Amino acid sequence: MSDTLILVHRRDLFRFTARFLGYTLLAVLLAVWSGPIVLVLITSIKSNQDFLAGPFSIPSHPTFQPYIDVWNSLGFSGLLANSFLYATAGSALAVILALVPAFALSRMEVPGKTFIFGLILTGLMLPQQTVLIPLYDTLRTLHLLDTKIGLIIVHAAYGMPAQILILRGFMTSIPREIEKAAYVEGATDFQVFYKIILPLSLPGIVVGFTLNFIAIWKEFVFGLVLLNSEQNFPVTVGMLKLNSDRYMAVFNLPAAGLVISQLPIIVLFILTYRKIASGNFAGAVKG
């Protein structure tokens with residue numbers, strides 16, 4: 001009986017130790033992940049004097065004046081409008097361009113479709129820096145350099161491989177009996193795509209659009225290299241002004257600008273979180 005109690009005690013002790021170590025690790029990871037975010041939020045509501053007196057201290061007199069100053073000095077409304085245009089139009093165009101290839105690669109017997117699919121996915125492996133020079137030359141030849149439509153096309157083309165990957169996974173998961181019944185009724189390939197596959201793939205479209213929207217919103221390199229006019233800058237490039245000599249001794253304004261720039265994608269992520277969570281798993285296991 002005593003041996004049994006000892007074994008039970010050791011098992012309970014092992015479980016407690018494992019649980020304690022797990023929670024400790026989670027607490028450390030949470031602190032590492034949330035620490036910079038909390039620091040930025042605190043800095044954004046400090047006066048510059050409070051920050052210089054104690055960068056990690058709680059603000060003695062919280063103020064939202066840094067938000068007002070950075071909004072007025074940088075013309076944040078125009079920067080946000082440009083980023084919203086690039087992210088919305090670029091994501092929508094990427095999804096539209098990916099719909100037909102995803103349908104063909106998932107529902108039709110296309111010769112060499114495995115090779116074609118693999119070739120398309122190589123676009124996911126190309127760093128932005130490797131395509132900057134040909135993109136720059138192409139846009140200059142087409143007179144689209146330093147234009148909003150040129151940057152939208154670049155974002156759409158660069159985001160299309162990921163959209164094909166996501167949409168193909170969703171379309172593959174749709175039961176084939178549905179389209180077979182439509183073909184029996186005399187439906188054409190276009191009717192099957194437009195009236196059956198497209199509506200059933202709406203969750204995948206939402207997931208793809210949202211993820212691409214967030215990626216474009218955070219994108220920096222294309223906007224920096226392909227745009228010269230300040231009126232065309234997205235918010236990520238426009239915030240470079242905060243690193244100029246005028247703001248070098250000011251620390252609360254960059255923090256406030258960072259918070260403002262991230263609010264739209266945080267709101268979008270909250271609104272579409274359930275779709276993204278369920279959609280990613282569905283596309284991954286069914287593809």
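Author: A residue is called buried when its relative accessible area is under 20%, exposed when that area is over 50%, and partly exposed in between, using a 1.4 Å probe and protein chains only. By this rule Glu179 is buried, since its relative accessible area is 6%. The model is predicted, so that local features need pLDDT of at least 70 and side-chain atom pairs count only at pLDDT 80 or more, while totals for chains, interfaces and linings use all residues. Residues are numbered from 1 along each chain as its sequence is written, and side-chain values use heavy atoms, with hydrogens and water left out.

Glu179 pairs with Arg107 in a salt bridge, with 2.3 Å from N to O. The term denotes a side-chain nitrogen of Lys or Arg within 4 Å of a carboxyl oxygen of Asp or Glu. Arg107 belongs to helix H4 and Glu179 to helix H8 (residues 176-184), so the bridge ties together parts that are 72 residues apart in sequence. Helices here are DSSP runs (H or I, at least four residues), numbered from the N terminus. Arg107 is likewise buried, with a relative accessible area of 6%.

Arg107 also takes part in the packing of helix H4 against helix H9. The axes of H4 (residues 76-107) and H9 (residues 189-200) come within 12 Å and cross at roughly 100°. H4 is therefore roughly perpendicular to H9, a label given to angles of 65 to 115 degrees, whereas those under 35 count as roughly parallel, those over 145 as roughly antiparallel and the rest as oblique. Each axis is a line fitted to C-alpha atoms, for helices over the stretch in contact, and angles run from 0 to 180 degrees between N-to-C directions. On the H4 side the contact is made by Leu99, Val100, Phe103 and Arg107, and on the H9 side by Asp189, Phe193, Ile197 and Leu198; contact means heavy atoms within 4.5 Å.

The structure holds two salt bridges. Asp137 is partly exposed at 32% relative accessible area, and Arg140 is partly exposed at 49%.

Note on methods. Helix = DSSP H or I, 4+ residues; strand = E, 2+ residues; numbered from the N terminus.
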